[in-house]
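Biologist: I have this model open and want to go through the fold with you. Can we start with the sheet and then move to the pockets?

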Amino acid sequence: MHLSRALDRIEASPTTAMTDRATALRAGGRDVIALSVGEPDFATPGHVIGAAKRALDAGETRYTPVAGTPELREAAAEHFARDLGITADPAHVIATAGGKQAIFEAFAATLDAGDEVIVPCPWWVSYPQMVRFCGGRVVRLETHARDGFRFDPRDLLPLVSSRTRWLVLNSPGNPTGAVYPAAMLEGVADVLRAHPGILVLSDDIYAPLIYTGQPHATLAAIAPDLADRVLTVSGVSKSHAMTGFRIGVATGPAWLVQAMAQLQSNSSGNACAVSQAAAVAAFAGPQDFLADWRVVLRRRRDLVTGRLNAIPGLSCRPPEGAFYALVDATPIMDRFAGDDGNLALHLLENGVAVVAASAFGGRDGFRLSFAADEATLAEALDRIEGALA
């Protein structure tokens, strides 16, 4: 059978592939702890569940406007203002089936063959796949643990060309947990002002999950003069434990949001009506539980990084946000023929599912999620230590 050339340029998400593999092993009777996917183990807040139930009881099960219900777009605009410091017109907000769809639509609506997208590396697995599917070329912006996985804005200059269409920013980052301070973003803004043709994708999906004690910084708020070319993506999946509801939101210039809606109208149509009602409650309802969640996640982070750094051959910089630890295993890679995919498979055979760093554009290590309870994490770390002893 013939498949499109576009499909031939991408591969299945390594994170979901490893999670599916762990699920299959467990179905076959194997004891496997899956730390391969970014899914909070917290219960979805009760007021969100209640809103979904009320929507069902009220018969809100029909089509909605393609870009989202007026109520959700207004609630999302309030979220962007309250939590990210961005003044957003509800008319310039789009609701999508998860943040991933918003990013894909933005690239699909703007990229032509040969266009370039600068992506800090290590990166979330789907950024380069989406760019390649749309015919674009990924330009790596290398970052390192010694610098907190941040880049110097001056590092952008040699990467910019006449074909540069997008710069991707992800803070807090997946898989690194890196948080971009305001001063860094101000430097990025200075570079962008000299290159008016570059759009910016600011993926802020993990913004509520920062452990530094500092307020979240995002480009559209830091440099409002650039807001007409910044698309900011957010959602409820990570912050409100609503991964299965599949709701993302994005705000940006009117021309881009309209183009994304045009694409969405011919692909998926509107996001789930009941999920949209739940997302309104998530954005507009109580947010105080997030402080408690951050305390729990920080405690898990400290447990995981402390244990990992005590295992010979492994090192891990404590992430400043999100719920992932990116582990460097360089000293022991000769045991796995220099292939961190082999390392990940070895750990899977010993009962822990993680994702090789190479899946994120990195090397010689793995990423694990600490969005699991402490007892589960402790057992997983025991298995990792035993597997590498």
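Modeller: What follows covers the sheet, the pockets, a salt bridge and a few backbone features.

Modeller: Ground rules: this is a predicted model, so local features need pLDDT of at least 70 and side-chain atom pairs count only at pLDDT 80 or more, while totals for chains, interfaces and linings use all residues. Residues are numbered from 1 along each chain as its sequence is written, and side-chain values use heavy atoms, with hydrogens and water left out.

Biologist: What is the strand order in the open sheet?

Modeller: The order is S2-S8-S7-S6-S5-S3-S4, 7 strands with mixed pairing. Strands here are DSSP runs of E with at least two residues, helices are runs of H or I with at least four, and both are numbered from the N terminus. Two strands pair if DSSP finds at least two bridges between them.

Biologist: Which strands stand at the edges?

Modeller: S2 (93-96) and S4 (137-142). Each has a single partner strand, so one side of each lacks a neighbour in the sheet. On average, neighbouring strands are turned by 25° against each other, direction ignored. Axes are lines fitted to C-alpha atoms, for helices over the stretch in contact, and angles run from 0 to 180 degrees between N-to-C directions.

Biologist: Which helix lies across S2?

Modeller: H9 (residues 254-265), which runs at about 30° to S2. H9 also lies across S5 (164-170), S6 (199-203), S7 (230-235) and S8 (248-251). Contact means heavy atoms within 4.5 Å.

Biologist: Back to S4. In which sense do S3 and S4 pair?

Modeller: Parallel, over 6 bridges, with S3 covering residues 116-121. Glu116 has Arg137 in S4 as its bridge partner. The side chains of Glu116 and Arg137 also meet in a salt bridge, 2.9 Å from N to O. Glu116 in S3 and Arg137 in S4 are 21 residues apart, and the pair links distant parts of the chain.

Biologist: How many salt bridges does the count come to?

Modeller: 17, taking a side-chain nitrogen of Lys or Arg within 4 Å of a carboxyl oxygen of Asp or Glu.

Biologist: New topic. What volume does the largest pocket have?

Modeller: About 560 Å³. A pocket is an open set of points on a 1 Å grid over the protein atoms alone, where a 1.4 Å probe fits, with protein on both sides within 12 Å along at least five of seven lines; lining residues have an atom within 4 Å of a point. Of its 27 lining residues, Gly38, Lys100, Trp124, Lys238 and Arg246 are closest to the centre. H5 (99-110) is among the elements that give two or more residues, and its 3 residues are the largest share.

Biologist: And which residues lie nearest the centre of the second largest pocket?

Modeller: Pro122, Thr143, Ala145, Phe149 and Arg363, out of 19 lining residues. That pocket has a volume of about 350 Å³. S10 (324-328) is one of the elements giving two or more residues to the lining, and gives the most, with 3.

Biologist: Where does Phe149 lie?

Modeller: In the loop between S4 and S5. Phe149 has a positive phi of about 55° although it is not a glycine.

Biologist: Which peptide bond is cis, with omega near -10°?

Modeller: The one from Ser171 to Pro172. Another cis bond joins Asn174 and Pro175, with omega about 20°. Pro172 is in the loop between S5 and H7 (182-193), and Pro175 is in the loop between S5 and H7 as well.

How values were computed: Grid points are joined across faces, edges and corners, and a volume is the space filled by probe spheres set on the points.
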